[in-house]
Amino acid sequence: SSFTRYKSTHIPLGSLLQHKHTASLFFFNSFTSATSSDSESDGNHHKGDTFTVSYLINSCGVSPTLARKLSNKVNLKTPHGPNAVLDLLNNYGFDKIQVAKLVEKHPLVLLADAENTLLPKLKFFRSIGVSNTDMPKILIANHSLKRSLKKFFIPRYEILRRVLGDDQEVVRAITSSRFGINYGDAMNLVPNIEVLRQSGVPQASISFMMIHCGTVAYWKHSRFVEAVNTAKEIGFNPLRTNFIVAIEMLLISSKAVWESRFKVYERWGWNREMALQAFRKFPNVMRLSEEAFSKKMNFLVNDMGWPSEEIAEYPQVVAYNLEKRIIPRFSVIKILKSKGLLENNVSFSSIICITEEKFLENFVISLQKDLPVLPDLYRGKIKPSDVM
């Protein structure tokens, strides 16, 4: 079939939902049955292995050590079939490095029937807008090209297009996801999306979820509904994108983890309402491990003297890197305050959220004439205690 431009076949949604599958799949192992015969003589088998190693090195660009390892998984008899595969990959955007990476991860691709098995699927991806830049990413990252074009790829594409609205968004979703087009169970995806729409979540937020946190959409439906309802109860607005982030955090964190986090927050002066307020403002605060959160709070509260409740008002501050951003910037701010060169009511956002260039301009370069050691302090060459 020609896939110069794929046209929707309007497959009924009910039939689409019959194609259940798992997120972890083996790759290319059913492209062809053309493998070495068990009845081969030891001599011929050794000769085939030698050719395989040579081909992997010279034609696929893998190292000799890796070639010998891969030869245990794939046995090539002639260059004709593999050459056709490599030529096809080259036509669809693969460079030498990407070919080597693909063969390393999925060596059985070299046994594919290039014309009848691989080409139609590549044409399909091209027809929905996958570029030569993205094509290697999809093939290298995914484990699904052994799947049937008509029974799997086209139905899954139809579902994603119904959810996302157009081909461009579908391509963004399958190139950004670790497992691409074959991730998750469509039996959960469709009803989960419907719950979001019934809750007033806009299409922009649904697209954000599928592109940036696509695994969320495939969670078990009952668990997904529970997370949506909890996010509403906590006070998240379904019209805002952080509603999706909150759902993700609620799904990936067990109740035991939540309670453990609350205990850590309480040790740093946040009661439950303050912790929930911080979560509402910045749901990703839950991603921080207890150790990472405590290290950052220890520096900000004990070393820098910032009140814990102020950090709860602006929890984004704890998301930044401690050594590369938090310590250098707040050390400068503390010295400037101690020398009377900066007002005490400077906001967290003006310290931590601005760009590196802007911070240097506002708090280092512009005040260097009053305190020449500021650049060395910022770079960590001298300690704040040496300046106080």
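The following is a conversation about how the terms used for this predicted model are decided.

Colleague: What should I know about the numbering and the model before we start?

Modeller: Residues are numbered from 1 along each chain as its sequence is written, and this is a predicted model in which local features need pLDDT of at least 70, side-chain atom pairs count only at pLDDT 80 or more, and totals for chains, interfaces and linings use all residues. Side-chain values use heavy atoms, with hydrogens and water left out.

Colleague: How many helices and strands does the protein chain have?

Modeller: The count is 21 helices and 0 strands. Helices (H or I, at least four residues) and strands (E, at least two) are DSSP runs, numbered from the N terminus.

Colleague: Why is Trp 270 called buried?

Modeller: Buried means under 20% relative accessible area, exposed over 50%, and partly exposed in between, with a 1.4 Å probe and protein chains only. Trp 270 has a relative accessible area of 2%, so Trp 270 is buried. In the protein chain, 47% of the 388 residues are buried.

Colleague: What does Ile 57 touch, not counting residues up to four places away in sequence?

Modeller: Ile 57 touches Val 62, Ser 63, Pro 64 and Ala 67. Contact means heavy atoms within 4.5 Å. As for Arg 68, 11 residues from Ile 57 along the chain, the C-alpha atoms of the two are separated by 9.3 Å.

Colleague: What makes a set of residues a nonpolar core?

Modeller: The members are buried Ala, Val, Leu, Ile, Met, Phe, Trp, Tyr and Cys residues joined through side-chain atoms within 4.5 Å. The largest such core has 124 residues, and Phe 125, Leu 196, Met 210, Ile 247, Trp 270 and Phe 330 touch the most other members. Helix α8 (residues 149-164) gives the most to this core, with 9 residues.

Colleague: Which residues does Trp 270 contact, leaving aside its neighbours within four places in sequence?

Modeller: Among them are Tyr 265, Ala 278, Phe 293, Met 297 and Ile 311.

Colleague: How many aromatic pairs are there in the whole structure?

Modeller: A search finds 18. One of them joins Trp 270 and Phe 293, with 5.3 Å centre to centre and 75° between the planes.

Colleague: Why is the pair of Trp 270 and Phe 293 called edge-to-face?

Modeller: Rings of Phe, Tyr and Trp (its six-membered ring) pair if their centres lie within 6.5 Å; planes under 30 degrees apart count as stacked, over 60 as edge-to-face and the rest as tilted. For Trp 270 and Phe 293, 5.3 Å is within 6.5 Å and 75° is over 60, so the pair is edge-to-face. Trp 270 is in the loop between α14 (255-267) and α15 (272-281), and Phe 293 is in helix α16 (residues 290-303), 23 residues apart. Phe 293 is also buried, with a relative accessible area of 2%.

Colleague: Which residues form the aromatic cluster?

Modeller: Phe 236, Trp 258, Phe 262, Tyr 265, Trp 270, Phe 279 and Phe 293 form one cluster.

Colleague: How do you know that Arg 272 lies over the face of Phe 262?

Modeller: A charge sits over a ring if NZ of Lys or CZ of Arg is within 6 Å of the ring centre and within 35 degrees of the ring normal. Arg 272 is at 4.1 Å from the ring centre of Phe 262, and Arg 272 lies over its face.

Colleague: What makes the approach of Ser 253 to Met 249 a polar contact?

Modeller: A polar contact is a pair of N or O atoms within 3.5 Å; within protein, one must be able to donate a hydrogen and the other to accept it, and residues adjacent in sequence count only if both atoms are side-chain atoms. The backbone oxygen of Met 249 lies 3.1 Å from a polar atom of the Ser 253 side chain, so the distance is within the limit. Ser 253 is buried, with a relative accessible area of 9%.

Colleague: Where is a side-chain oxygen of Asp 166 found reaching a backbone nitrogen?

Modeller: This is at the start of α9, where the oxygen comes to within 3.1 Å of the backbone nitrogen of Gln 168. The buried residues of helix α9 (residues 167-176) include Val 170, Val 171 and Ile 174.
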